[in-house]
Amino acid sequence: MANNRLSDLLHILVYVQLHQNQKLTSDLIASSLNTNPSLARRMMGQLRKADLLETTQGSASPKLTKNPENITIFDVYLATCPDSPLLKVDHNTSKKCQVGNAIPGVLNKYYLDIQSAAEAKMRHVTIQDLINDVEMSIRHHQIAVEQ
């Protein structure tokens, strides 16, 4: 099952940066994520631990610790504490079947290549790139609604 934690952490960073001059409670951030404030606070804790987000207890003013152009998706990916690769090989296949015996090793080789390519791409996409695209999407949506 796919994990959406990376998506949620990126969402938080973009949201915080786009609303940097506003009061940002965990309730407000959670509502943007369509989740509960407790989970939003835990995710913000992950970002704090990774030194990507700065928060002050009792103050609803989180902020990025670096400029958005200096934070990559890979930085945020590392904050998810990835203890396993993006794609997982099922090793619980039949050893009596030739395909079942061979497929885990074959897939592992390809999955490692995919992991490396994904990580390389993540190192080149910044939070600022995401912010730019989100702002453009919002503008396009507003124009479409006005017409």
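What covers the buried residues of helix 3? The cover includes helix 1, helix 2, strand 1 (53-56), strand 2 (59-64) and helix 4. Contact means heavy atoms within 4.5 Å. Helices (H or I, at least four residues) and strands (E, at least two) are DSSP runs, numbered from the N terminus.

This is a predicted model: local features need pLDDT of at least 70, side-chain atom pairs count only at pLDDT 80 or more, and totals for chains, interfaces and linings use all residues. Residues are numbered from 1 along each chain as its sequence is written, and side-chain values use heavy atoms, with hydrogens and water left out.

**View 1. Helix 3 and its ends.** The buried residues of helix 3 are L39, A40, M43, M44, G45, Q46 and L47. Buried means under 20% relative accessible area, exposed over 50%, and partly exposed in between (1.4 Å probe, protein chains only). N36 caps the N-terminal end: one of its side-chain oxygens lies 3.1 Å from the backbone nitrogen of S38. After helix 3 comes D51, with a positive phi near 60 degrees.

**View 2. A40 in helix 3.** A40 sits in helix 3. Its relative accessible area is 0%, so A40 is buried. Not counting residues up to four places away in sequence, A40 touches I12, S26, I29 and A30.

**View 3. The largest nonpolar core.** A nonpolar core is a set of buried Ala, Val, Leu, Ile, Met, Phe, Trp, Tyr and Cys residues joined through side-chain atoms within 4.5 Å. The largest one has 29 residues, of which I12, L13, I29, L47, V76 and I127 touch the most other members. Two or more residues each come from helix 1 (5-18), helix 2 (26-33), helix 3 (37-49), helix 4 (73-79) and helix 6 (127-146). Helix 1 gives the largest share, seven residues. Leaving aside neighbours within four places in sequence, I127 contacts L10, L13, V14, L64, P68, I71 and V76.

**View 4. T72 in a loop.** T72 lies in the loop between strand 2 and helix 4. T72 is buried because its relative accessible area is 13%. Beyond neighbours within four places in sequence, T72 is in contact with M122, R123, V125 and T126.

Technical notes: Polar contact = N/O pair within 3.5 Å; in protein donor to acceptor, adjacent residues only side chain to side chain.
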